[in-house]
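Subject: A structure for you to look at

Hi,

Here is the structure I promised to pass on. Have a look at it first, and then read on for what turned up.

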Amino acid sequence: MFEGLRARLQKIQGKLEENIAKTVPPADSTPENRAVSGTGPEEKDPSLLSRVKVLITDREFFIAEKDIEEPLFELEMILLENDVALPVTEEIIQRVRADLTGRRRKIGESVDGIVVSALRGAILGVLGQGFDLLSYVRDHEKPVKILFTGVNGTGKTTTVAKVASYLKKNGCTVVIGAGDTFRAGALEQIEVHAGRLGIKVIQHQAGADPSAVLFDTVQHAEANRIDAVLADTAGRFHNRANLMNQLDKIRRVMKPDLIVYVDEAVAGNDAVVRAHEFEKTVGADAVVLTKADMDPKGGAAISIAHTIGKPVMFLGVGQGYDDIIPFSPDRVVDELLGVSA
Ligand SMILES: Nc1nc2c(ncn2[C@@H]2O[C@H](COP(=O)(O)OP(=O)(O)O)[C@@H](O)[C@H]2O)c(=O)[nH]1
Ligand SMILES: [Mg+2]
């Protein structure tokens with residue numbers, strides 16, 4: 001995951017460290033040090049000598065903007081090349097710059113610690129908090145109705161199956177609504193997943209009104225005290241009026257508690273732009289980014305929450321049912337900065 005960006009970020013980390021190390025005055029060239037190594041009476045007074053040494057190690061230094069200008073420019077290019085959205089890139093750069101140059105530092109501070117903490121803080125600052133679905137389901141009135149939406153082929157149906165499995169493993173009861181009545185093979189696909197997972201699917205025949213299917217699914221959940229309804233839907237584009245109207249009807253009929261926008265991390269900036277459009281037109285409460293396992297860049301994962309103002313809930317990291325991980329900002333940053341978990 002994100003291996004291309006990770007390698008380049010680590011190079012920049014090294015360059016920032018090199019530049020910063022140059023700004024730290026070596027302890028023995030400081031005026032205080034020259035004073036003690038002179039021939040004055042201080043030299044013979046050991047208590048004074050140790051006092052001066054404390055002064056030296058306590059001395060402060062500044063990192064000036066010009067000291068880090070070049071690596072910061074390079075960092076900006078790297079983020080943009082890896083599909084981090086422009087405003088998000090600018091935000092990260094501004095945060096790194098402010099963190100590194102904003103204050104006095106003690107000479108004793110480790111340079112790599114300074115750099116890692118600045119990069120870490122800057123990226124965490126744009127990643128948002130994530131979304132803990134389990135707590136949401138546990139705390140919310142049942143059934144919790146979750147509508148999955150997004151464009152075709154990004155992994156909605158697979159995600160519905162993965163989330164169903166995740167909830168089931170964590171002690172929640174689940175029913176799936178086969179709301180993609182549009183695409184050939186969609187009903188069989190969800191049926192196969194649900195069969196393997198031992199989860200009930202509510203479905204009508206192909207071509208049926210998805211609102212009716214999902215209405216029935218909610219009724220089934222209410223009658224059987226099921227914790228969560230996961231509604232699969234057909235893929236659609238925000239600019240296709242008929243499908244958007246259909247989605248609007250689904251929303252009115254099903255009254256979802258959560259609308260989850262699904263897109264693929266590998267789509268990079270396209271995913272961010274689409275998510276933004278969906279959020280504005282349909283609304284979205286959270287995002288799932290699939291195919292993060294195939295994404296060397298990480299741009300969408302870094303940009304999407306900050307751009308649309310909604311949290312990322314899960315990352316999809318493969319085709320198996322367990323290949324889904326709750327989005328953890330700390331874990332993503334560790335992955336990017338090469339800190340082993
Ligand atoms: N590598 C990988 N493939 C995925 C992931 N999620 C979904 N896929 C694959 O993407 C393809 C489309 O998935 P599907 O769920 O049918 O997409 P939908 O059209 O949005 O419902 C399938 O071949 C899935 O196995 C993921 O996280 N990683
Ligand atoms: Mg599907």
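Helices (H or I, at least four residues) and strands (E, at least two) are DSSP runs, numbered from the N terminus. This is a predicted model, where local features need pLDDT of at least 70 and side-chain atom pairs count only at pLDDT 80 or more, while totals for chains, interfaces and linings use all residues. Residues are numbered from 1 along each chain as its sequence is written, chains are lettered from A and ligands numbered from 1 in the order in which they are written, and side-chain values use heavy atoms, with hydrogens and water left out.

Let's begin with the ligand. Helix α8 (residues 156–169) contributes the most to the shell around ligand 1, with 4 residues. Of the 18 residues around the ligand (a heavy atom within 4 Å of it), G153, K156, T158, D293 and Q319 come nearest. The shell is made up of 3 nonpolar, 11 polar and 4 charged residues; here Ala, Val, Leu, Ile, Met, Phe, Trp, Tyr, Cys and Pro count as nonpolar, Asp, Glu, Lys and Arg as charged, and the others, Gly among them, as polar.

Two distances are worth a look. A polar side-chain atom of T157 is 2.9 Å from an oxygen atom of ligand 1, and a polar backbone atom of G316 lies 3.3 Å from an oxygen atom of ligand 1.

Then there are the aromatic rings. The structure has 3 aromatic pairs (ring centres of Phe, Tyr or Trp, its six-membered ring, within 6.5 Å; planes under 30 degrees apart are stacked, over 60 edge-to-face, the rest tilted). The rings of Y166 and F314 are edge-to-face, because their centres are 5.1 Å apart and their planes at 80 degrees. This pair links distant parts of the chain, with Y166 in helix α8 and F314 in strand β9 (residues 312–316), 148 residues apart.

Finally, the backbone. The peptide bond from K142 to P143 is cis, with omega near -10 degrees, and P143 sits in the loop between α7 (133–139) and β3 (144–149).

Best wishes

Definitions and conventions: A polar contact is a pair of N or O atoms within 3.5 Å; within protein, one must be able to donate a hydrogen and the other to accept it, and residues adjacent in sequence count only if both atoms are side-chain atoms.
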